[in-house]
Amino acid sequence: MSDNTKLTDVIMPQLAESLVSATIGKWLKQPGDLIEQYEPICELITDKVNAELPATVDGTLVELLAEEGQTVSVGEIIARIAVAGSAEPAAPAAAPSPAAAGTGTVAPASQAAHASVRPAVPAAAFDADAPMRSRYSPAVQTLAAEHGINLAAVPGTGLGGRITRKDVLAFLESGAPAAQPAASAQAPAPAALQQPAGQAVQAEVYEDLQPVRHSGLHLSESPKIPTIEVEGGRGSSSEYLIEVTPIRNTIATRMRQSVSEIPHAWTMIEVDVTNLVVLRNKLKDEFKRKEGINLTYLAFLMKAVVSAIKDYPIMNSVWAVDKIIVKRDINISLAVGTEDSVMTPVIKKADQKNVAGLAREIDELALKTREGKLRLEDMQGGTFTVNNTGSFGSILSYPIINYPQAAILTFESIVKKPVVINDMIAVRSMANICLSLDHRILDGVICGRFLQRVKDNVEGYTPDTKLY
């Protein structure tokens, strides 16, 4: 090591006030690897959420002081990075806290958990707005990767020159040449996603032929299948073992707590969504061009549910032994499945958002869940849970309540059925909506009225319904 090189300690951050330790899930870098600022170096696991720990300096990883699977207390050193003495760390997105100033430590994951590997940008591209311009949201990164766009060439109109999804779409529509993404950055996109903007019709046909969804949310890739490692040396064995991860253990604990403490009851209602199907088909293409994301049925359902909760606020409550606490804010927990777990990120104050706003929140949270970018604040404060179980073909489900909430609602698969209307048979698009409820707080009458209101709201959509 040269004389002008100094070692920077990477410490275990305090991800939240109530957490005193975290587990090293996986090292993303090994000794000898070059590291860029904001580049994740390891995955951290807590009983609440996974997070990636990003570096705040450029350098070389020289030593790992904690092993994968090891639980480390907050403040302990887990690795060391060699930093050239003449190199100045790039300006962080936000000023460091007084406690961290001048310590040479890696910032807590909660300050930069959403940051990822930044594309190489020429030095000339940076200016006074560089701290914000060089930080890209997951949606911007995904869109740029799909179309092979060099983000350094895209004008940014967001805060501090930051590039938004609309900026990338405008860049595409302008016909500007696209650069091929680096081969090492990610796997090649499917052929349909590499089509020029002028071939949008072919891309749409591809989507119609091969719809891909991820636990009810329309995303850009098919759901992954869990990887199961079979123990070697047991060719004749009739069984194999799967290690229980901290996340799976947390899910098991909370499900057991919910079932053992909450007296579950269940009810279901059938909804005619024919008008909703017509409305979505009318608006989805324009919405995709304008917002850059898919307009899913879930956004409309969530708006209907939130409006019904306003009419029946007892649905938005928790049991507190000697009292029932009714929450004023309607924060919808969204059940999102990954290849090995189910997470419930929260849409805060969902009652203050229109359908378009809910669609944006759904897309953002789903993408963050899939990429492991959820922060603790993304998972906290939920008051009512919605799950789109119809995404994988379910027509009826009995969900377990997201403890300590009072109820959970599932939206089942849309199926065309013959239905009797005015003594005549018609083919309509129908879907079931299921509700599990805490029978300490809620009874059949109130829940029946609540579901009827959700049904009325969903069936009340017309081709003239506005998204904004």
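**Reading the labels on this model**

Q: Where is the place of Ser317?
A: Ser317 sits in strand β12, which covers residues 317–319. The model is a predicted one.

Q: Why is Ser317 called buried?
A: A residue is buried when its relative accessible area is under 20%. Ser317 has a relative accessible area of 0%, so Ser317 is buried.

Q: Which residues does Ser317 touch, not counting residues up to four places away in sequence?
A: Ser317 touches Ile324, Ile325, Val326, Lys327, Pro404, Gln405, Ala406 and Ile441. Each of these has heavy atoms within 4.5 Å of Ser317, so each is a contact.

Q: Why does Ile433 count as buried?
A: The cut-off for buried is under 20% relative accessible area. Ile433, found in strand β21 (residues 424–438), has 0% relative accessibility and therefore counts as buried.

Q: Why is the pair of Trp266 and Tyr398 called edge-to-face?
A: Two rings pair if their centres lie within 6.5 Å, and planes over 60 degrees apart count as edge-to-face. The centres of these rings are 6.4 Å apart and the planes stand at 65°, so the pair of Trp266 and Tyr398 is edge-to-face. The structure holds 3 aromatic pairs.

Q: What parts does the pair of Trp266 and Tyr398 tie together?
A: Trp266 lies in strand β11 (residues 264–272), and Tyr398 lies in the loop between β18 (384–387) and β19 (407–411). The pair therefore ties together parts that are 132 residues apart in sequence.

Q: Why is Trp266 described as partly exposed?
A: Partly exposed lies between the 20% limit for buried and the 50% limit for exposed. Trp266 has a relative accessible area of 35%, so Trp266 is partly exposed.

Q: What makes Phe300 and Tyr461 an edge-to-face pair?
A: Their rings are 5.4 Å apart centre to centre, with 80° between the planes. Phe300 is in helix α8 (residues 297–311) and Tyr461 in the segment after α11 (444–459), 161 residues apart. Both Phe300 and Tyr461 are buried.

Q: How do you know that the charged end of Lys290 sits over the ring of Tyr468?
A: The charge must be within 6 Å of the ring centre and within 35 degrees of the ring normal. For Lys290 the distance to the centre of the Tyr468 ring is 4.3 Å. Arg280 likewise lies over the face of Tyr297, at 4.7 Å from the ring centre.

Q: Why is helix α9 said to be largely enclosed by the rest of the structure?
A: In α9, 13 of the 16 residues are buried, so the helix is largely enclosed.

Q: What span does α9 reach, and what is expected?
A: Helix α9 (residues 355–370) reaches 22 Å from its first C-alpha to its last, close to the 22 Å expected at 1.5 Å a residue. At its start, a side-chain oxygen of Asn354 comes within 3.3 Å of the backbone nitrogen of Ala356. After α9 comes Gly372, whose phi is positive, near 70°.

Q: What makes strand β4 mostly covered?
A: Of the 6 residues in β4 (residues 40–45), 5 are buried.

Q: How do you know that β4 pairs with β2 and with β5?
A: Two strands pair if there are at least two bridges between them. Strand β2 (residues 21–27) and β4 have 4 bridges, and β4 and β5 (residues 50–54) have 5, so each count meets the rule. Both pairings are antiparallel. Trp27 stands opposite Cys42 in β4, and Glu43 stands opposite Glu52 in β5.

Q: Why are β1 and β3 called edge strands?
A: An open sheet of 4 strands has the order β1-β8-β6-β3. Strands β1 (5–11) and β3 (34–35) each pair on one side only.

Terms used
Residues are numbered from 1 along each chain as its sequence is written. Side-chain values use heavy atoms; hydrogens and water are left out. Helices (H or I, at least four residues) and strands (E, at least two) are DSSP runs, numbered from the N terminus. Buried means under 20% relative accessible area, exposed over 50%, partly exposed in between (1.4 Å probe, protein chains only). The expected span of a helix is 1.5 Å times one less than its number of residues. A polar contact is a pair of N or O atoms within 3.5 Å; within protein, one must be able to donate a hydrogen and the other to accept it, and residues adjacent in sequence count only if both atoms are side-chain atoms. Rings of Phe, Tyr and Trp (its six-membered ring) pair if their centres lie within 6.5 Å; planes under 30 degrees apart count as stacked, over 60 as edge-to-face and the rest as tilted.
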